[in-house]
Amino acid sequence: MPAAPGTAADHAHMARALALAEQGLYSTSPNPRVGCVLVRDGVVVGEGWHVRAGEPHAEVHALRAAGEAARGATAYVTLEPCSHHGRTPPCAEALVAAGVARVVAAMEDPNPLVAGRGLAILRQAGIEVCAGVLANEARELNIGFVSRMTRGRPWVRLKAASSLDGRTALANGQSQWITGVEARQDGHRWRARACAILSGSGTVLADDPLLNVRGVDTERQPRPVVVDSRLQTPPTARLLDGRPVLIATANPDPAKAAALAAQGAEVLLLPDAAGRVDLAALLLELGRRGINELHVEGGAGLNGALLAAGLVDELLLYLAPTLLGNPALGLFGLPELTSLEQQQRLRWHDLRQVGGDLRILARLA
């Protein structure tokens with residue numbers, strides 16, 4: 001008898017499927033991270049995970065590994081099997097053809113092209129279907145994909161490192177390094193899972209950053225995106241290293257745009273009514289380009305503008321056990337409040353020590 005929905009066996013096999021899915025943390029974009037485990041008579045007969053877009057999905061890899069043993073098996077999938085023809089055939093139909101008896105999906109696919117249709121195909125074929133086992137864990141793994149499918153824009157994670165008194169650099173701009181090497185390495189792992197890294201022209205001019213991933217085993221580099229209202233990014237900037245850089249501006253300067261385009265950058269004209277870059281429009285444009293997770297590493301101005309516009313989903317903060325004092329530079333350039341009722345509430349999502357520093361994940365309430 002197959003295990004009933006929500007049993008210890010269901011949770012154990014789904015946990016394994018999620019661990020498989022996580023192997024695609026740095027590579028599946030713009031697709032979701034998905035894992036699949038096939039179990040027959042209590043024995044795992046096939047496993048698979050989605051590696052990268054355009055290649056077979058997790059279910060296909062697991063079915064190939066199982067062969068004939070897939071018939072009568074239970075398939076544990078971290079996301080509802082797809083029902084549409086994209087770059088690969090529908091996985092729901094592949095599971096039906098393989099003769100699986102039961103499918104346990106962690107969550108329904110938020111993609112409007114699927115959205116319950118995959119599970120409906122399975123049920124119509126007489127396959128027992130259960131959804132919702134470890135749904136929260138599955139959603140967290142694909143939080144950017146869910147954001148893009150439901151809101152049309154990426155999940156925005158704002159990363160910053162500061163002293164315990166909230167200072168990111170000395171008044172003279174010196175900031176390397178406030179946090180330790182372990183925190184900086186951890187930050188690169190968060191960069192690696194993102195589809196794009198967003199920064200501002202002030203940071204580009206002051207630090208000339210590469211905005212790439214270093215020290216992490218990944219075959220894919222996130223796309224650099226620069227908010228540059230006055231188109232000040234120099235064509236000699238180090239981030240113009242051959243990657244498809246996006247520069248969002250409010251200044252239609254053809255000569256500057258042409259010089260940046262000659263270095264491989266794409267300049268987007270996205271002005272708002274105040275003559276600055278329309279950040280909400282930029283996020284929607286990134287969503288249209290398949291950006292699931294956006295990793296922000298900017299200065300206090302960009303950080304504050306994103307927060308003030310309500311466009312930040314999560315803060316990734318590294319706090320060093322040190323004090324820099326005034327007038328060192330702060331984390332967020334936010335307008336002055338006149339009442340505590342105006343404060344932005346957050347909720348702790350994760351707190352842990354990384355090396356000698358404290359890492360805080362906090363989400364906007």
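Q: What makes S8, helix H8 and S9 a right-handed β-α-β unit?
A: In this predicted model, S8, helix H8 (residues 201-207) and S9 form the unit. The label applies because, with the strands pointing away from the viewer, the path from the first strand over the helix to the second runs clockwise.

Q: What makes S9 and strand S10 a pair?
A: The cut-off is again at least two bridges. S9 and strand S10 (residues 246-249) have 3 bridges, in the parallel sense, and therefore count as paired. Val227 has Ala248 in S10 as its bridge partner.

Q: Why is strand S9 called largely enclosed?
A: Of the 5 residues in strand S9 (residues 223-227), 5 are buried, so the strand is largely enclosed by the rest of the structure. Both faces are covered: Arg223, Val225 and Val227 are buried on one side, Pro224 and Val226 on the other.

Q: Why do strand S11 and strand S15 count as edges?
A: The open sheet has 9 strands in the order S11-S10-S9-S8-S12-S6-S13-S16-S15, with mixed pairing. Strand S11 (266-269) and strand S15 (346-354) each have a single partner strand, so one side of each has no neighbour in the sheet. From one strand to the next, the twist averages 20°.

Q: How do you know that strand S6 and strand S12 pair?
A: Strand S6 (residues 155-163) and strand S12 (residues 293-296) share 4 bridges in the parallel sense. At least two are needed, so they pair. Arg157 has His295 in S12 as its bridge partner. Helix H6 (residues 143-151) packs on the sheet, touching S6, S12 and strand S16 (357-364), and its direction makes about 130° with that of S6.

Q: Why is His188 called buried?
A: Buried means under 20% relative accessible area. His188 has 12%, so it is buried. His188 belongs to helix H7. Helix H7 (residues 181-193) lies across S6, strand S8 (196-200), S12, strand S13 (314-320), S15 and S16, at about 165° to S13.

Q: Which residues does His188 contact, leaving aside neighbours within four places in sequence?
A: These are Asn212, Val213, Arg214 and Val216. A polar atom of the His188 side chain lies 3.0 Å from the backbone nitrogen of Arg214.

Technical notes: Residues numbered from 1 in each chain as written. Predicted model: local features only at pLDDT ≥ 70, side-chain atom pairs only at ≥ 80, totals over all residues. Heavy atoms only, no water. Helix = DSSP H or I, 4+ residues; strand = E, 2+ residues; numbered from the N terminus. Axes fitted to C-alpha atoms, helices over the stretch in contact; angles between N-to-C directions. Contact = heavy atoms within 4.5 Å. Buried < 20%, exposed > 50% of the residue type's maximum accessible area, 1.4 Å probe, protein only. Polar contact = N/O pair within 3.5 Å; in protein donor to acceptor, adjacent residues only side chain to side chain.
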